[in-house]
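Thanks for coming. I will go through one interface today, so please have the sequence and the structure open.

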Amino acid sequence: MSKHEILRRVREALDGRPAVDHPGDFESWGTRPEEATFEDAFRAAGGEIEVLADLSEVATRIGELAGDAPGISVGAGVPEEFLPQLPRLEPRDAPVGVSMARGAVTETGSLLMDARDGRRAQLLPPTHLVVVYRDTIHPTLRAALDAVVPDLPSGLGLHSGPSKSADIGQILVKGVHGPGRVVALVVERG
Amino acid sequence: MSHPRPSGYADAAERILREEPGVRDSVTAATRTFHDHRTEAFRAVDEDAWRSWAREVKSHLLTHLDAYLEEAEARLTENGVQVHWAETADDALEALGRVVDQHDIRRSVKGKSMLSEELGVNEYLEGRGVRVRETDLGEYIIQLLGEPPSHIVGPAIHKSVDDCRILFHRELGTAPDATPEELAAAARRALRREFLDADLGMSGGNFLVAETGTLALMENEGNIRLSTSLPRVHVAFVGIEKLLPRFADLAGFLQILTRSATGQPIGNYVSLLQGPRRPGEPDGPDEVHVILVDNGRTNLLADDAAWEALRCIRCGACLNICPVYRQTGGHPWGWAYSGPIGAILAPGLLGLEEAMPLPYASSLCGACADVCPVKIPIPDLLLHWRERAVEEGLIGHTEALVMKGYAAMATHPDLFRKAGSLLRWIPWKWGGRALPVLGGWSGEREPPEPSKASFQQLWDEGIE
């Protein structure tokens, strides 16, 4: 059995080696999250930010951002009242995807995308519009991970701005596989 | 073309320098950019606190590896993941082959994974008639060219924009003067079809959290998100050293990895995966397999000095700063991992004899140790493997003889003084050219005249 042989070899290798203690929790030495804002961090990662004061503005703004798109694909967790009157398309055919973020991280400028909302709408359309409640924004990655660990889905994505690559001659290109445009709509919960 | 091996290092390096001077330009420019961004990213944080913390976590993990491997397997199994243990590359490929047979897989996509390079996954699958598409843009470029990766993080950094223009014109029909944006858009269209048609998605694993059975993957393009989300089967190759004890440890490691690799605060996309699609989830793979790979790692763990190399998180910072790596890129190293880290992993994972002369592919300048996010003492370990090579009689007789002679001289003061005074009377201007090694150096340089008195003589005469 490979498992027992590998474990036997690990134990043999470690025989007599002094054990090292875990140094304790990671602290964000130096990133000074208390002075930063999620908006700045997400913009720095190449994302766009819309701050909406009222829940009733969300559907209108999403409709405007969708422009003349023939339809949108929608994540399972997006409330109906956030959605404009547009045809629903499969993610692979939709120019715009709309998702609900589970939360966000100021320290890294990341949106937390839950698999229960649907991964395809988060990844396939070239434009991704993401609604995030202000009160789910965590100051540090550590705080965000602590908040999600009691309830982990099959997949959790941290999306920090649009898809990027510099693999062609070190020149930065957006939208290589994932969305090339990502807009975070930050709303105050009513 | 014969399969590249470490033993071909010198010839391969010489060939690149003579025949492909553009490689040095591309690699040097790209690695300097990576390194500058890294420097900037660490200016904002307490670099020493971050690196010391990361070193301690990884050393803790490795000195308790048996317990964490068992914990990881238990959590993965609870999450519905099928776990395979592979002692060798062949074991890992057989495990993959069983999945391929069981699901009658014909088409596959793969996110960038250096372990899959180490195992030879693409050749294996193609040999069984399974289509494999690399989906990272850089990996896709070199797959089309039939080349191995040149860098752990940027596999195609040795290629210029013009190289890509020519390639994509031939393969994808883009205009000969296409912009990088147009080239990337053409690759996106071609690879989107591959993602949607594939039955199998493959990945590596940046981290595997024992506490939760979480497979953590980081990238910038979204191809790993797609490879692990769209096909019905996902297979991940994970080296046994890639574990982390706790979920909260990811907070440090995800940030340290990208700050070290590209200088970003975090990769554009992080996937934290806990197994197959669950009831109520709209999509995701039906089946997830994790192949835990030893393939020489327990040999390295058993070495009382070199085990520290297993802390490596594959950021590539040591490649980016290495003056030797910058001249040629990674191809001369002749296997998956190149640069300083490749030179100290190779003797452990391949065996020292097979890895020769890689521990010598370094000037021992020590810059790599200054940037390593987990503080691996790379120069010490290069020397460690060189000592072992001498002990095992793996280096040429000439060098062994010279070293022995020098040792005899340096431990006999009288002999040392006599030899020193002899060297000072050699007419270096023309005589130096006739000497081995020095001849090559002085061929294009003006050698300095040596002082007529030795340091000891000057000291005795009372120099300040």
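**Where chain A meets chain B**

I start with one pair: Arg9(A) and Asp294(B) form a salt bridge through their side chains, at 3.5 Å from N to O. By salt bridge I mean a Lys or Arg side-chain nitrogen within 4 Å of a carboxyl oxygen of Asp or Glu. Between chain A and chain B the count is eight salt bridges.

Before going on, this is a predicted model, where local features need pLDDT of at least 70, side-chain atom pairs count only at pLDDT 80 or more, and totals for chains, interfaces and linings use all residues. Residues are numbered from 1 along each chain as its sequence is written, chains are lettered from A and ligands numbered from 1 in the order in which they are written, and side-chain values use heavy atoms, leaving out hydrogens and water.

Now the whole interface. In contact, that is with heavy atoms within 4.5 Å, are 71 residues of chain A and 95 residues of chain B. The two chains bury about 7,000 Å² between them, 61% of it on carbon and sulfur atoms. Buried area here is the accessible area (1.4 Å probe) lost when two parts are put together, summed over both.

Last, the strands, which are DSSP runs of E of at least two residues, numbered from the N terminus. S8(A) and strand S9 of chain B, residues 269-273, run antiparallel and are joined by five bridges; strands pair if DSSP finds at least two bridges between them. Which residue in S9(B) is the bridge partner of Gly155(A)? That is Leu273(B).

Notes
Helices (H or I, at least four residues) and strands (E, at least two) are DSSP runs, numbered from the N terminus.
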